[in-house]
Amino acid sequence: MLPAGRTHLEKAKPMTEDLAGANPRGLHFIAELANTVQDDSEVSAAALQALLERHGGPPFVLTESDARRMCEAAVRLIDILAMSDEDRAAEAINTLLDEHPARPCLVRLPGRPWSLHNKAPHSADPTHWLLSTTALALGLWLSERGRCAWGQCAAPDCHHYFIDTGRRTPQRYCTPRCATRVRVASHRAQRGR
């Protein structure tokens, strides 16, 4: 559930919005997918289709059956995003890669630098594409960062996932709004003593 006053679009915004390069490996897609499915386990095919299009995914024409399978698959991604132990996360990612091998290739999306994507064959099942793509992306991010550079928002009443793109201090909140809300509540509590 979203806290009062928050819209679906607000919660989907990552801490960094630089789509020219700071959207590492399309990982904000994974966080938005996880949050969408967590908020509505019966999200429609049209909503998933729009999510794919926003993030430059392949032009699948999703059916409601595809949407159900993708939501079920997203639960496996949510489990990984909930992990903070890199050994357990690596094992879970490797399991996904064994079950859904990736076919990586370099792609340049409009206005973005070259990046590694999973090539979806014409006969690809959307769920296979989803799991192989996200396992590849999470695996690359884990190997690049050396830790689980993702997490679940630490703000009370917010359980959204995020991708940690920071360089110094590990990220704790899904949006600046959640971070501010926690700081203001803490400040008010300290003043009230």
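**The whole chain**

Begin with the complete chain in cartoon view, and keep in mind throughout that this is a predicted model. The protein has seven helices and four strands, and from the N terminus on its elements run α-α-α-α-α-β-β-α-β-β-α. If you colour the 193 residues by accessibility, the buried ones make up 41% of them. Among the contacts with a separation of 6 or more, 56% are accounted for by residues 24 or more positions apart.

**Helices H2 and H3**

Select residues 27-39, which form helix H2, together with residues 45-54, which form helix H3; the two pack at an angle of about 165°, and their axes are 10 Å apart. That angle makes H2 roughly antiparallel to H3, and H2 passes H3 in a right-handed crossing. Now show side chains at the contact, where Phe 29, Glu 32, Leu 33 and Thr 36 of H2 meet Leu 48, Leu 51, Leu 52 and Arg 54 of H3. The residues of this contact divide into five nonpolar, one polar and two charged.

While H3 is still displayed, pick Gln 49, which lies in this helix. Is Gln 49 buried or exposed? Its relative accessibility is 15%, so Gln 49 counts as buried. Leaving out residues up to four places away in sequence, Gln 49 touches Phe 60, Val 61 and Leu 62.

**Helices H4 and H6**

Next, select helix H4 (64-81) and helix H6 (126-145). H4 and H6 pack at an angle of about 20°, with 9 Å between their axes, and they are therefore roughly parallel to each other. The crossing in which H4 passes H6 is right-handed. On the H4 side, the contact is made by Asp 66, Arg 69, Met 70, Ala 73, Arg 76, Leu 77, Ile 80 and Leu 81, and these meet Pro 126, Thr 127, Leu 130, Leu 131, Thr 134 and Leu 138 in H6. By class, the residues of this contact divide into nine nonpolar, two polar and three charged.

**Helices H5 and H6**

The contact of H5 with H6 has 10 nonpolar, two polar and one charged residues.

In soluble globular proteins, nonpolar side chains tend to be buried together. To look at this here, select Phe 29, Leu 33, Leu 48, Leu 81, Leu 130, Leu 138 and Trp 150, which touch the most other members of the largest nonpolar core, a set of 42 residues.

Centre the view on Leu 130, which touches Phe 29, Leu 33, Met 70, Ala 73 and Leu 77 when residues up to four places away in sequence are not counted.

**Ile 80**

Return to helix H4 and pick Ile 80, which has its place there. At 2% relative accessibility, Ile 80 counts as buried. Its contacts, leaving aside neighbours within four places in sequence, are with Ala 92, Ile 93, Leu 96, Leu 138 and Trp 150. If you draw a distance between the C-alpha atoms of Ile 80 and Ile 93, it is 7.7 Å, although these residues are 13 residues apart along the chain.

**Asp 157**

For the last stop, select Asp 157, in the loop between strand E3 (150-152) and E4. Phi of Asp 157 is near 70°, a positive value in a residue other than glycine. Asp 157 is exposed, and its relative accessible area is 57%.

Technical notes. Residues numbered from 1 in each chain as written. Predicted model: local features only at pLDDT ≥ 70, side-chain atom pairs only at ≥ 80, totals over all residues. Heavy atoms only, no water. Axes fitted to C-alpha atoms, helices over the stretch in contact; angles between N-to-C directions. Parallel < 35°, antiparallel > 145°, perpendicular 65-115°, else oblique. Left-handed = near helix turned anticlockwise from the far one by under 90°. Contact = heavy atoms within 4.5 Å. Nonpolar A, V, L, I, M, F, W, Y, C, P; charged D, E, K, R; others polar. Core = buried A, V, L, I, M, F, W, Y, C linked by side-chain atoms within 4.5 Å. Buried < 20%, exposed > 50% of the residue type's maximum accessible area, 1.4 Å probe, protein only.
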